[in-house]
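Have the structure open as you read along.

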Amino acid sequence: MKKLLIRTVTGAAFVAALICSILYGEVSFGILFLLITGLAVAEFSSIIKEYKKVTFSTTLAVLGGSFLFIATYATFHGADISPVTFYTPYIAIVAYTFIR
């Protein structure tokens, strides 16, 4: 029962933060989802690390996910810079991950 209460309070806080960021503006919404993206990728990395045959860099995964989110967000919100400029760090991280 205690876990249900904790999850309910956490969910309500998340919904409140989401609604506040939407009402405050595009930038706050982007920052909130950048934070969520980083935390979700870090959680995924910790789950993957439980398997001993997989070598996985959490830092690179979080950076890659964050760069991908920033590039996509900036591209769809009318940034004046070329999308190639935004996606270059993500492509570099993916290439490094595959080469390593």
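Helix 2 crosses helix 3 in a right-handed manner. Keep in mind that this is a predicted model. Two packed helices are described by the angle between their axes and the distance between the axes. Here, helix 2 (residues 26-48) and helix 3 (residues 58-76) pack at about 150°, and their axes are 9 Å apart. Angles over 145 degrees count as roughly antiparallel, and helix 2 and helix 3 are therefore roughly antiparallel to each other.

Which residues meet where helix 2 and helix 3 are in contact? From helix 2 they include Phe 29, Gly 30, Phe 33 and Leu 34, and from helix 3 they include Gly 65, Ser 66, Phe 69 and Tyr 73. The residues of this contact divide into eleven nonpolar, seven polar and one charged.

Now for the rings. A pair of aromatic rings is described by the distance of the centres and the angle of the planes. The count comes to two aromatic pairs, listed here:

| Pair | Centre to centre | Angle between planes | Type |
|---|---|---|---|
| Phe 29 and Phe 33 | 4.8 Å | 50° | tilted |
| Phe 69 and Tyr 73 | 5.6 Å | 25° | stacked |

Why is the pair of Phe 69 and Tyr 73 stacked? Planes under 30 degrees apart count as stacked, and the planes of Phe 69 and Tyr 73 are at 25°, so this pair is stacked.

Phe 29 and Phe 33 lie four residues apart in helix 2, about one turn of the helix. Phe 69 and Tyr 73 are four residues apart in helix 3, so about one helical turn separates them.

Finally, Phe 29 is partly exposed, with a relative accessible area of 28%, and Phe 33 is partly exposed, with a relative accessible area of 26%.

Key:
Residues are numbered from 1 along each chain as its sequence is written. This is a predicted model: local features need pLDDT of at least 70, side-chain atom pairs count only at pLDDT 80 or more; totals for chains, interfaces and linings use all residues. Side-chain values use heavy atoms; hydrogens and water are left out. Axes are lines fitted to C-alpha atoms, for helices over the stretch in contact, and angles run from 0 to 180 degrees between N-to-C directions. Helices (H or I, at least four residues) and strands (E, at least two) are DSSP runs, numbered from the N terminus. Angles under 35 degrees count as roughly parallel, over 145 as roughly antiparallel, 65 to 115 as roughly perpendicular and the rest as oblique. A crossing is left-handed if the near helix is turned anticlockwise from the far one by less than a right angle, and right-handed if clockwise. Contact means heavy atoms within 4.5 Å. Ala, Val, Leu, Ile, Met, Phe, Trp, Tyr, Cys and Pro count as nonpolar, Asp, Glu, Lys and Arg as charged, and the others, Gly among them, as polar. Rings of Phe, Tyr and Trp (its six-membered ring) pair if their centres lie within 6.5 Å; planes under 30 degrees apart count as stacked, over 60 as edge-to-face and the rest as tilted. Buried means under 20% relative accessible area, exposed over 50%, partly exposed in between (1.4 Å probe, protein chains only).
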